[in-house]
Amino acid sequence: MRKPFMQARWVAGLAVLAGLLTGCPTGSGPVEGGGSQTLDFTLTLSTSSVLAPQDGTPAPVGVAIQRDAGNTNSVTLTAAELPAGMQARFVQPGSGSAGTVTLVASEATPAGTYTVSIQASDGGPTTSQPLTVEVGIVATVGNTVDSISGVGGKLQEFMGTVFEPDIWRQEYFLPPNWDTVNALGPKHIRIAIALDYIPMQTNTGQASDWNFNNLDPTVMAVLGVSDHSPIFAVSEAPPFLNIPSNDGSGVQFVFNDANLQTFAQYCANLVRYYNTGGFDWGGQHFQAPAGTHITWWEVFNEYNTNGLLPTQYIQLYNTVVPAMKAVDPTIKFTALELADATYLGDYLMGDPRNNLPWFVASPADGGVSAQVDAVTLHLYSAAQQSDTDAKIFATIPGFANDIRYFYQELRTRPDLASVPVWVTESGVNVAFPSSSGSSFVLDPRGTNAFLAAWQPYVFSQIGKAGNQGLVQWDFTDDAQRGLVNENTNLNYLSYWVEYWLLRKFPWDGVTPGPDILDLNATETSTVEILATRNSDGSVVVMMADHAVHAPNDNNGPGDPRTVILDVTALGTFTTATQLTIDANTDTVNGPAEVAIAPAARMTVSLGGYGVTFVTLHP
């Protein structure tokens, strides 16, 4: 009865002896390709994650080999699932107990997070351990000014917002929290008068033609806050000056050229009302409250999407501006107000290349002849909520190219060569509910963490292209457009983005702005980086993470990135702070600025869509 048991022990012994003679492992551990075989060593990494900068800085990881008793086989390390452009170098353990794997990334290695497999074999089955590898962008800030960016190397870009008094925006007529506006501190708040609140609704010669009662609460309030210098946008003509449109464009009414002189007189009376003691109409005197004065005026809004040809707009501008200047020679004007519709692919209507050449032609050839103090355009990245995150971000370099084109054309005329370019409307998505019944889906990307990447990206790109003003649409509105919730008066995340852009890159419109420093980044496709130096020697570096997690993401979370900020060329700093605005930011109190240790190379982690400011003080 004991014979089978003795035979089993003898067979097992032969198996062990055979294993020892062939070098196959007999210990335990994860096995790859080894079937039912077991290992007689284990693999341990000194860390579970490592940072590999794109500038080739080595990222070493220690490897420990723990062997079972009697195992002296040579162990070889390899690496699998390396991202493109990354190399792995090894110090092999051999018959010892330690080795090293060093990962080296390059600019050809896309930034992001990867899982690399570190493998070990002694000639038999292979064991492995996962290693998280973060490929980091290296941003090297120089000690010289980038003289071809901005305005002669200066970042001179004010920020503003819009108030649009209209019957369907009752929040503008109730006493708003103007302390919130003052706390923000926008420059040149744009007052865009919508149809229902145009102060002249008829032209009968009676006093009842005019009514400023609805409009003035907003105008007076805006004049009392921030820089006290709004842009008064005469966005459209009074309705009695328009005629039905039959051109199939979707615009219901267009301005009637035959009424041009009447429109000029209407605009001149607006200047009289606010700036020069008022005007008389139908036996009544109309005059704004004492002490008001509006310097900046805009004549007509987005003519290229509101039924006017370039030649018609130039004629309108050349007629209206002199009539207004005759009333008050001190006032200034913004011209064009182009709707940049290139995001729609509508190059005929929106591309500035189909509008500016007419405007900058010599006056003898039909170009503008009236005073121009700034030229403006409106930038939106989407026209419907279904546009992907990637598609929206892809519009921004085109915006910068359009700004450059504006300057190129203005400089063809000596009298326009120094005219600044302003963006007086901007937003993620221009879509709105249509009276024709077209579908509309609210796009929250205009106020959430997506905006915290989008707006700093726009600000930096067009600011480096020389843009001198960025006005957001609009102050209090819904989750697609606002800085403040129109129903609750609570701040959106977008409020804090503008708040900190205003403070980190201040410009009063008069004194020179901060220097734009030369900067070299190993990757520019997913993080926008801007470095400036103030007159006191402090340096601000902004990093906007617009990396998209998946190609079809719509209102996605973004993708984390790591930036190695190299400020070696700038010398030493005594203190530094870091401030981040992203999905984790408290929208009630805003982000907290925290102290960090200044160093020649600092690692900054970006957690997805958002923006981070690092400020260094000498």
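Predicted model: local features only at pLDDT ≥ 70, side-chain atom pairs only at ≥ 80, totals over all residues.
Reader: Which elements supply at least two residues each of the lining of the largest cavity?

Author: β19 and α10 (449–464) each do. A lining residue has an atom within 4 Å of a cavity point. Residues are numbered from 1 along each chain as its sequence is written, and side-chain values use heavy atoms, with hydrogens and water left out.

Reader: What makes a space a cavity?

Author: On a 1 Å grid over the protein atoms alone, a cavity is a set of points where a 1.4 Å probe fits but cannot get out. The structure holds three cavities of 30 Å³ or more. About 80 Å³ lies in the largest cavity, the volume being the space filled by probe spheres set on the points, which are joined across faces, edges and corners. Of its 13 lining residues, Gly427, Gly446, Leu451, Gln472 and Arg481 lie nearest the centre.

Reader: Why is His546 called buried?

Author: Buried means under 20% relative accessible area (exposed is over 50%, partly exposed in between; 1.4 Å probe, protein chains only). His546 has 4%, so the residue counts as buried. His546 is found in the loop between β25 (539–545) and β26 (561–566). Leaving aside neighbours within four places in sequence, its contacts (heavy atoms within 4.5 Å) include Phe393, Tyr457, Glu528 and Tyr609.

Reader: Why is the pair of Tyr313 and Tyr317 called tilted?

Author: Rings of Phe, Tyr and Trp (its six-membered ring) pair if their centres lie within 6.5 Å; planes under 30 degrees apart count as stacked, over 60 as edge-to-face and the rest as tilted. The centres of Tyr313 and Tyr317 are 6.0 Å apart and the planes stand at 40 degrees, so the pair is tilted. Both residues lie in helix α5, four residues apart, about one turn of the helix, and both are buried.

Reader: What is the geometry of the aromatic pair Trp296 and Trp422?

Author: That pair is tilted too, at 4.7 Å centre to centre and 50 degrees between the planes. Trp296 in strand β16 (residues 296–299) and Trp422 in strand β19 (residues 421–429) are 126 residues apart, and the pair links distant parts of the chain.

Reader: What makes the charged end of Arg503 count as sitting over the ring of Tyr499?

Author: The rule asks for NZ of Lys or CZ of Arg within 6 Å of the ring centre and within 35 degrees of the ring normal. The charged end of Arg503 sits over the Tyr499 ring, 3.5 Å from its centre. Arg353 sits likewise over Tyr405, at 4.5 Å.

Technical notes:
1 Å grid on protein atoms, 1.4 Å probe; cavity = no way out; pocket = protein on both sides within 12 Å on 5 of 7 lines; lining within 4 Å.
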